[in-house]
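Here is a short briefing for anyone meeting this structure for the first time. Take a look at the sequence and the model, then read on.

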Amino acid sequence: MRTIDVADITAKIREMAIESNYNVDSDYVERLEAAKAHESSPLGLRILNQITENAALASAERVPYCQDTGLSIVFANVGQEVRLTGGSLEDAINEGIRQGYRDGYLRGSVVNDPLRRVNTKDNTPAVIHYRVVPGDRVTLYFAAKGTGSENMSIARMLKPSDGREGVVRTVIDHVFESGGNPCPPILLGIGLGGSIEKAALIAKWSLFRPLGRPSPDPLVAELEKDILDAVNRTGVGPMGMGGNTTCIAVHIETYPCHIGALPICINVECHAHRHAEVEL
Ligand code: SF4
């Protein structure tokens, strides 16, 4: 049994909260740079230039990439041969968020209750997903999830007969209707199968996949590619101002489901793709 003091987890979460808000995902920026060569709209190209310049400035000046410093999402994969000491894991994660948002001068964007809506001022609590995994390690995944894009996320129960075509149509229609609201160029995390909540969970998890890495299932990888191409033909473009750079990548995760159901969740990620991962 390996022992980990939860104070180490607090320190790692603090660091991830600050660094990911200052340094947007570098793979994302590289893809935006590459997209400039193919962007047909002058306004779209101008916006891509502004986005990449903003990324460089935020990193150099150590300021948040976006004023919306996001809802803190944490996936904690805890090895079953780990013993955590020094307090509760949940408290340790939230303390890391609290310190990171305070010390990094990051906006507190969380309210204590969906109806009372009093700002907690330190971005806590995080939304935390725990998983018990084999081994003696703890892996923490952090995302600062922008709400313009989260608000454009949906879950639907399709009919099995809708099939692949229905999945593609649902995604394309949704991206088109969302327009500039999710701050494109976007990353699409899609959960297919399971139940309504499982589809939502795997859609979120798919956003942590290395950017643009295809699904290991060739059938799903082909669907990812077809959706990406179709989304980029919608003409939504950077920030919804028109153009052919609407989506940077499509990640699809699947799970077995009931014979009578085809759940789908589309979790939309904006160009402020801020995430980090650490293993203890
Ligand atoms: S959706 Fe993303 S890019 Fe748009 S304001 Fe929110 S965090 Fe910033």
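**Around the ligand**

The residues around the ligand are Cys 66, Asp 68, Gly 70, Gly 146, Thr 147, Gly 148, Ser 149, Cys 183, Cys 270, His 271 and Ala 272, where near means a C-beta atom, placed from the backbone, within 6 Å. This is a predicted model, in which local features need pLDDT of at least 70, side-chain atom pairs count only at pLDDT 80 or more, and totals for chains, interfaces and linings use all residues. Residues are numbered from 1 along each chain as its sequence is written.

- The ligand shell has four nonpolar, six polar and one charged residues (Ala, Val, Leu, Ile, Met, Phe, Trp, Tyr, Cys and Pro count as nonpolar, Asp, Glu, Lys and Arg as charged, and the others, Gly among them, as polar).

**Two domains**

- The chain is assigned domain 1 (2–20 + 65–145) and domain 2 (148–272), with bounds from an automatic or database domain assignment.
- Each of these domains gives at least three residues to the ligand shell.
- The centres of domain 1 and domain 2, taken over C-alpha atoms, are 26 Å apart.

**A helix pair**

- Helix H2 (residues 26–35) and helix H3 (residues 42–61) pack at an angle of about 150°, with axes 10 Å apart (helices are DSSP runs, H or I, of at least four residues, numbered from the N terminus; axes are lines fitted to C-alpha atoms over the stretch in contact, and angles run from 0 to 180 degrees between N-to-C directions).
- H2 and H3 are therefore roughly antiparallel (angles over 145 degrees).

Technical notes: Helices (H or I, at least four residues) and strands (E, at least two) are DSSP runs, numbered from the N terminus. Angles under 35 degrees count as roughly parallel, over 145 as roughly antiparallel, 65 to 115 as roughly perpendicular and the rest as oblique.
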